[in-house]
Amino acid sequence: MNALDDIVRGVREDVASRRERTPEAALRERALARGAGRDCVPLLRGGPRVRVIAEVKRASPSRGPLAEIPDPAALAADYAEGGAAAISVLTEERRFGGSLADLEAVSARVDVPVLRKDFVVDPYQVWEARAYGAEIVLLIVAALGRAQLTDFIALANEARLTPLVEVHDEAEAERAVTAGATVIGVNARDLTTLKVERGTFARVAPHIPEGLVRIAESGVRGPEDVAAYAQAGADAVLVGESLVTHGTPRTAVTELLAAARV
């Protein structure tokens, strides 16, 4: 069993437990009561400078604990004041130390769009994302079958969310495009081995048609990596570890944005 399979197994167990407490019909009603989220495509599209999606991330399977983050909403507010275009919130509990409570707190605090970042393998999780305030939901090609991916993109649209479809290689990028993705993230971290290859975005990005939003994920150690992703054609970068370990998150976001001018 590789790292991704192990994570997904735990996610399915946790979803089953939450479903017992809150039936899907009730969750769906709560999600729809929030109304439609914003169309986040234009908000993530690059222009004079690449956008920064700043992440609330307590831990990772590759590095273990990163930061305690007692007040995720306050951290998100610092990110937004530093110029972040969106906030990503890890909600996976076992490996990342996240929660839906984090997502709800952050979405209530900031005015920029909030991404639910998790290993979404059950429709229940899509409804959860909107019910707890997300406007963007992550869909990982490697965790979904070909038909599932198309169905989950349609479901995200039904739940009034913008789907961010994550890929790791050229074949997955082509699957994402075929399935109708309009926002595609290229993750430099191989989810089966957890190793980072920073050249992944530059290699995969040409397989994503012009007009679609291209997001570089993982591997950002500082401004120089943001500049490299910008030169390779990224509209936005998703940054977690280097921000939560920086010490002054607002300044850290500002520094990344200064390097992201195209």
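## Strand 4 and its surroundings

Four bridges join strand 4 to strand 5 (residues 114–117), and the two strands run parallel. The model described here is predicted.

| Partner strand | Bridges to strand 4 | Direction |
|---|---|---|
| Strand 5 (residues 114–117) | four bridges | parallel |

Strand 4 itself spans residues 86–90 and is mostly covered, with five of its five residues buried. In a regular strand the side chains alternate between the two faces of the sheet. Here A86, S88 and L90 point one way, whereas I87 and V89 point the other way.

I87 belongs to the largest nonpolar core, which has 93 residues, and is listed with L44, Y79 and I215 as having the most contacts inside that core. Leaving aside neighbours within four places in sequence, the residues in contact with I87 include I53, A54 and V56, then A76, Y79 and A80, and also V106, V110, V112, P113, V114 and L115.

Turning to open space, the largest pocket holds about 440 Å³. Of the 31 residues that line this pocket, K57, R189, S218, G219 and E241 are the closest to its centre, and the elements that give two or more residues to the lining are strand 6 (136–140), strand 10 (236–239) and helix 11 (241–244).

Technical notes:
Residues numbered from 1 in each chain as written. Predicted model: local features only at pLDDT ≥ 70, side-chain atom pairs only at ≥ 80, totals over all residues. Heavy atoms only, no water. Core = buried A, V, L, I, M, F, W, Y, C linked by side-chain atoms within 4.5 Å. Buried < 20%, exposed > 50% of the residue type's maximum accessible area, 1.4 Å probe, protein only. Contact = heavy atoms within 4.5 Å. Pairing = 2+ DSSP bridges. 1 Å grid on protein atoms, 1.4 Å probe; cavity = no way out; pocket = protein on both sides within 12 Å on 5 of 7 lines; lining within 4 Å. Points joined across faces, edges and corners; volume = space filled by probe spheres on them.
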